[in-house]
Every structure is written in structure tokens, then in C-alpha cells.
Amino acid sequence: AKFDPHLYTTEAIKLMRRLCTGQHRALQDIMRVQRLNRETIDLLTDVYRYMTALEPGLKKAIEQGDESIVEGAIRGWLMLADAMQGPNFENQSSLSKTGIFDLADRIYSKIRYTAERGGVLERLSSSSRLGPLRRTTGRLRSWTRLMRADAASRRL
């Protein structure tokens, strides 16, 4: 069997998402800060960095039906969305300081561009489960607009 690093990363992200589901605030906060540890690891930023690393090859992965990379992107967005539910303003604020808005715009434009160029995305959606990626990216795009508006109103 061929070693697939995305498989292990995706499984770790799935575990983190399970900790965040149900809007359990304490477990959501653990993704950002571990108060009992000497050194804190911001797992939200780490997932964002993973998503940033996937972004350049995502369009090609979609076109070629590479389920490993696409599944990693889907799971990453879902985990970040669950970590902010509730709403968890501290996690939202932490993520808004990364480049997540620009990343979401870039990924969304690639997905939309791919879909508009001959429906490649439509043909792949049933076999490689791209439907959740489009829905999650759409939700993230809506969330991005809200977060930008909130940040602008706080500056006033």
C-alpha cells in the first residue's frame, strides 16, 4: 500500500472536528489554547496552514478526482466551521487574524472556475464527494462576509 500523508492528516482533523461538534465551548477552546500545558499549540492555525498548503493543488486534485486531497480540504473546512459554532467569538477572532478570508476567496474562485469550465466539478461531485466541499465553501464565504462586516463595525 502506498503511503498517503493526507490520510493521516484527515483522520486527525476528523478527530478534532468530533471534539468541536455539539458546540461544546471548552473543547472548542482547546483547539486554540491548552491552559494546562506549559506550551500551547494553536490547532486552528495549524489546520488553516494545512488548508493553505492544499490550496495550490486543489483545482488539479478536483479535475483529476484525487479524493485524498479533496477529502482533506472538505474535512479542514468542516472542522474550522465546527470550531467556531456557538458562536465561539475567541476562535472566530483567532481565525480572522490569519489569511482565512483570502484563502476562502481563492478556493471558492477555483471551484467556481472549475465548475464553469465544462462542468468538470459536476461530473466529479457524485464520485469524489465534492458536493460537501462546495456547500462548506459556500457557507464559509457567507461567514467571511459576516466576519468582515463585524470587523469593520468594530473599527468605527
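From the N terminus on, the elements of the protein follow the order α-α-α-α-α-α-α-α. The model is predicted. It holds eight helices and zero strands. Of its 156 residues, 41% count as buried. The protein exposes about 9,000 Å². Carbon and sulfur atoms supply 54% of that area. Among contacts with a separation of 6 or more, 72% join residues 24 or more positions apart.

Two packed helices are described by the angle between their axes and the distance between the axes. Helix α1 spans residues 5-20, and helix α3 spans residues 43-64. Their axes come within 12 Å and cross at roughly 145°. The crossing of α1 past α3 is left-handed. On the α1 side, the contact is made by His6, Thr9, Thr10, Ile13 and Met16. On the α3 side, Leu43, Val47, Tyr50 and Leu54 take part. Six of the residues in this contact are nonpolar and three are polar. None is charged.

Helix α3 also contains Glu55. Glu55 counts as buried because its relative accessibility is 9%, under the 20% cut-off. The side chain of Glu55 makes a polar contact with the side chain of Arg106, at 3.4 Å. Arg106 is also one of the residues in contact with Glu55 once neighbours within four places in sequence are left aside.

Definitions and conventions: Residues numbered from 1 in each chain as written. Predicted model: local features only at pLDDT ≥ 70, side-chain atom pairs only at ≥ 80, totals over all residues. Heavy atoms only, no water. Helix = DSSP H or I, 4+ residues; strand = E, 2+ residues; numbered from the N terminus. Buried < 20%, exposed > 50% of the residue type's maximum accessible area, 1.4 Å probe, protein only. Contact = heavy atoms within 4.5 Å. Areas by Shrake-Rupley, 256 points an atom, 1.4 Å probe, with all protein chains shown as cover. Axes fitted to C-alpha atoms, helices over the stretch in contact; angles between N-to-C directions. Left-handed = near helix turned anticlockwise from the far one by under 90°. Nonpolar A, V, L, I, M, F, W, Y, C, P; charged D, E, K, R; others polar. Polar contact = N/O pair within 3.5 Å; in protein donor to acceptor, adjacent residues only side chain to side chain.
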